[in-house]
Amino acid sequence: MDKVRVGIIGCGGIANGKHMPSLAQVKECEMVAFCDLIEEKAKAAAKKFGIEGAKVYTDYKELLADKSIDVVHVCTPNRSHSFITVDALEAGKHVMCEKPMAINSAEAQKMIDAAKRTGKKLTIGYQNRHRPDSLFMKQEALDGTFGEIYYAKAIALRRRAVPTWGVFLNEYEQGGGPLIDIGTHALDLTLWMMDNYKPKYCVGTTYHKLNKDTETGNAWGDWDTEAFTVEDSAFGFVVMENGATINLESSWALNKRGSKEAITTICGTKGGADMLDGLTLNGVRHGRKFTTKISFDAGGVDFYDGGNSDDPAFREAKLWIDAVINDKEPFVLPEQAFAITQILEGIYESAKTGKAFYFNEEK
């Protein structure tokens, strides 16, 4: 194919902030169709990012009917991820779906089943894997630097940065708050570093402690106290089938000093690493403890034409389009994203019941 023809479904914040600017830098693709329930958003996206004559839709099924479209990016609220993705796969499109994969594991499974049934590629937008520090840590894990990773902490904590636009505060549309929004990124990084996608059970707590606050000091202005129906914080304790343990911390508004978002700490039998203050490795060598901080100040080499290879969003888009062109596995496998959805769902369920949630066995 000369160019991969891409259709965008959902022309809101994440499409404008990540997907479309990144795809615009990938010379092997062109954006040919844009869909949004608000037609003006789709028109604006088409004007800014589309090829000449790019089509605009308000009904995503009309976009999917265009047989010339090869790839669809699903950038809609969480609740619609599953059915739009399934419809797109059934229409013969490869799909990049924004994170989280779906609002629950049953919906995520439908997406995997559709990908297998149609033979089309499916990936999920976990762009934090593509950060230079993440890639360096992953290579160290692959090299055996850490040995067996048996404890980790997934961290996504904001002091006061509740998103006040779109449907972020709407539990029905999103399926949850900071846990499913930013906790999902931290959990993806952690599971990826551990190469462990088999949870056994989890215990979770969610909090609605600050939802009704006014004069909040929020980064994006005071939130609507009536609209804020999702949790403001959520925490989970996860035990994997091999006995490894993960602590997951997520919050949009927590009274703590500083913010740390989409980072992980891992501890193994030979060494460990954390992203608390840049990427730092630790271990024991010749009987002495050591700590090494990795520098990324020098800048990386641009491995790809047309964009900065250190930009996670560009690297995500570039590798995704390359996977389509060259029939490779996507960088983020749908089965990996499914495990993340499973764990998020388990933490929410545990928080509701006050009991441990067990995966894949009698509860």
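**Helix H2**

I started with helix H2, residues 39–49, in this predicted model. I wanted to know which of its residues are buried. I found Ala42, Ala45, Ala46 and Phe49. These four sit on the same side of H2, because they cover an arc of only 100 degrees around the axis. Then I turned to the other side of H2, where Glu40, Lys47 and Lys48 are exposed. What covers the buried residues of H2? My list includes helix H1 (13–23), strand S2 (29–35) and strand S3 (55–57).

**Thr184**

Next I looked up Thr184, which I found in helix H8, residues 178–194. Is Thr184 buried or exposed? Its relative accessible area is 0%, so I noted Thr184 as buried. I then listed what Thr184 touches, leaving out residues up to four places away in sequence: Lys99, Pro100, Tyr126, Leu179, Ile340 and Leu344. I also checked Thr184 against Ala156. They are 28 residues apart in sequence, and their C-alpha atoms are 8.5 Å apart in space.

**Lys99 and Pro100**

Two of the names on the Thr184 list, Lys99 and Pro100, gave me another entry. A cis peptide bond joins them, with omega at about -15 degrees. I placed Pro100 in the loop between strand S5 (94–98) and helix H5 (105–118). I wrote myself a reminder here: most peptide bonds are trans.

**Positive phi angles**

I went on to backbone angles, keeping in mind that most residues other than glycine have a negative phi. Glu215 is not a glycine, yet its phi is positive, about 50 degrees. I found Glu215 in the loop between strand S8 (199–207) and strand S9 (233–240). With a relative accessible area of 74%, Glu215 is exposed.

Ala262 is not a glycine either, and I read a positive phi of about 55 degrees for it. Ala262 lies in strand S11. Is Ala262 buried or exposed? Its relative accessible area is 5%, so I noted Ala262 as buried.

**The largest pocket**

My last stop was the largest pocket, with a volume of about 1,200 Å³. I counted 47 residues lining it, and the closest to its centre are Gly13, Ile14, Cys75, Thr76 and Pro77. Which elements each supply at least two residues of the lining? I wrote down H1, helix H4 (81–90), helix H7 (171–174), H8, strand S11 (260–268) and helix H9 (312–325). Sorted by class, the lining has 22 nonpolar, 14 polar and 11 charged residues.

Note on methods. Residues are numbered from 1 along each chain as its sequence is written. This is a predicted model: local features need pLDDT of at least 70, side-chain atom pairs count only at pLDDT 80 or more; totals for chains, interfaces and linings use all residues. Side-chain values use heavy atoms; hydrogens and water are left out. Buried means under 20% relative accessible area, exposed over 50%, partly exposed in between (1.4 Å probe, protein chains only). The arc is that of the directions from the helix axis to the C-beta atoms. Contact means heavy atoms within 4.5 Å. On a 1 Å grid over the protein atoms alone, a cavity is a set of points where a 1.4 Å probe fits but cannot get out, and a pocket is an open set with protein on both sides within 12 Å along at least five of seven lines; lining residues have an atom within 4 Å of a point. Grid points are joined across faces, edges and corners, and a volume is the space filled by probe spheres set on the points. Ala, Val, Leu, Ile, Met, Phe, Trp, Tyr, Cys and Pro count as nonpolar, Asp, Glu, Lys and Arg as charged, and the others, Gly among them, as polar.
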